[in-house]
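The sequence and the structure come first, and the text follows.

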Amino acid sequence: MTDLPANIPPEKTPRHVAMIMDGNGRWALQRGLPRLAGHKAGTENLRRIIRATVEFGVKYLTIYAFSTENWGRPAEEVNGLMLILQNVIDRELKELHAEGVQLRHIGRLERLDPAVQKKVLRAIDLTKNNQRLILNVAFNYGGRDEIVNAIQRIVKEGIPADEVNDELVSRYLFTVGVPDPDLIVRTSGELRISNFLIWQAAYSEWYVTPTLWPDFDKEEYRRALQTYANRDRRYGKVSSGELQGSNA
Ligand code: IPE
Ligand code: IPE
Ligand code: MG
């Protein structure tokens with residue numbers, strides 16, 4: 001059952017939404033709180049956004065939680081973010097599983113603390129047959145790192161150069177099997193990609209809002225989907241409406 005307004009037909013609902021959950025630090029700063037308080041508020045919001053995604057009938061959700069560049073933040077913040085990831089799994093896994101959410105990870109798991117790795121792998125294994133929503137968590141993820149990793153494996157496997165094409169490269173990315181994002185949402189107003197899904201975003205539509213991540217609510221999510229539904233995705237061609245109008 002979907003909760004979309006009647007004016008959004010299912011074929012205009014994105015199959016895959018990706019979110020750059022940005023602005024937690026500024027949210028905390030505005031309240032005179034430590035940055036980690038912003039990350040905690042952001043996590044609470046994530047729980048609401050996951051539920052809304054299921055209700056809206058979006059099949060894939062990818063969330064940018066920690067980038068390969070975020071290691072450069074103060075140790076206290078990095079350690080806090082690692083703890084938050086573990087706490088989220090501990091607190092939410094049972095319910096997410098019951099709701100039919102399949103958890104996946106994109107990025108480099110092997111660079112994380114062994115205890116975190118174990119938790120993530122357990123969550124992935126437990127939920128692997130769920131089909132209602134595929135939730136990709138980008139944690140220690142970088143788009144360039146993903147492409148470098150793909151090239152290394154392609155070369156190591158001795159794949160002949162003339163067999164390397166778009167489709168093959170896509171199969172060597174962390175997102176193997178996941179359709180490219182139709183819509184990318186970035187909160188907190190920054191107009192940049194910050195190393196997120198740089199290959200997969202080739203023809204994604206964007207929704208950028210000044211709202212800080214902890215304040216990005218279901219109603220604004222709905223507006224983002226409505227905006228998406230009104231976009232004309234041309235993929236470098238001319239719009240289908242124009243073609244019909246020109247007797248071409
Ligand atoms: C996004 O919020 C969360 C992570 C990068 C982990 P930020 O922490 O980047 O918040 P701002 O951009 O400093 O406000
Ligand atoms: C992108 O946000 C990474 C995540 C949301 C996890 P950043 O806050 O790290 O990006 P920049 O530094 O503003 O580009
Ligand atoms: Mg930021």
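Among contacts in the chain between residues at least 6 apart in sequence, what percentage join residues at least 24 apart? In this predicted model, the share is 78%.

**Overall fold**

The chain holds eight helices and six strands, and along the sequence they follow the pattern β-α-α-β-α-β-α-β-α-α-β-β-α-α. The radius of gyration is 19 Å, close to the 18 Å that the globule rule gives for 248 residues, so the chain is as compact as a globular protein of that length. The C-alpha trace spans about 65 × 50 × 35 Å along its principal axes. Of the 248 residues, 50% count as buried.

**Nonpolar cores**

The largest nonpolar core has 42 residues, and Val 17, Met 19, Leu 61 and Tyr 221 touch the most other members. Helix H3 supplies the largest share of this core, seven residues. Leaving aside neighbours within four places in sequence, Tyr 221 is in contact with Val 17, Met 19 and Leu 61, and also with Ile 49, Ala 52, Thr 53, Phe 56, Val 58 and Phe 216. A second, separate core has 10 residues, among them Ile 20, Tyr 141, Phe 196 and Ala 201.

**Leu 197**

Leu 197 lies in the loop between strand E5 (183–186) and strand E6 (205–208). Is Leu 197 buried or exposed? With a relative accessible area of 1%, Leu 197 is buried, because the cut-off for that class is under 20%. Beyond its neighbours within four places in sequence, Leu 197 is in contact with Ala 18, Thr 62, Ile 106, Tyr 141, Thr 175 and Pro 181. Leu 197 and Phe 56 are 141 residues apart in sequence, and their C-alpha atoms are 23 Å apart in space.

**Pockets**

| Pocket | Volume |
|---|---|
| Largest | about 940 Å³ |

The largest pocket is lined by 45 residues, with Met 21, Tyr 64, Ala 65, Phe 66 and Phe 139 nearest its centre. Elements that give two or more residues to this lining include helix H2 (35–56), strand E2 (60–67), helix H3 (75–98) and strand E4 (133–141). The lining of the largest pocket divides into 23 nonpolar, 10 polar and 12 charged residues.

The second largest pocket is lined by 14 residues, and Asp 180, Trp 199, Gln 200, Ala 202 and Tyr 203 are the closest to its centre. Its lining is made up of six nonpolar, three polar and five charged residues.

Notes: Residues are numbered from 1 along each chain as its sequence is written. Chains are lettered from A and ligands numbered from 1 in the order in which they are written. This is a predicted model: local features need pLDDT of at least 70, side-chain atom pairs count only at pLDDT 80 or more; totals for chains, interfaces and linings use all residues. Side-chain values use heavy atoms; hydrogens and water are left out. On a 1 Å grid over the protein atoms alone, a cavity is a set of points where a 1.4 Å probe fits but cannot get out, and a pocket is an open set with protein on both sides within 12 Å along at least five of seven lines; lining residues have an atom within 4 Å of a point. Grid points are joined across faces, edges and corners, and a volume is the space filled by probe spheres set on the points. Helices (H or I, at least four residues) and strands (E, at least two) are DSSP runs, numbered from the N terminus. Ala, Val, Leu, Ile, Met, Phe, Trp, Tyr, Cys and Pro count as nonpolar, Asp, Glu, Lys and Arg as charged, and the others, Gly among them, as polar. Buried means under 20% relative accessible area, exposed over 50%, partly exposed in between (1.4 Å probe, protein chains only). Contact means heavy atoms within 4.5 Å. A nonpolar core is a set of buried Ala, Val, Leu, Ile, Met, Phe, Trp, Tyr and Cys residues joined through side-chain atoms within 4.5 Å. The radius of gyration is taken over C-alpha atoms; the globule rule is 2.2 Å times the number of residues to the power 0.38.
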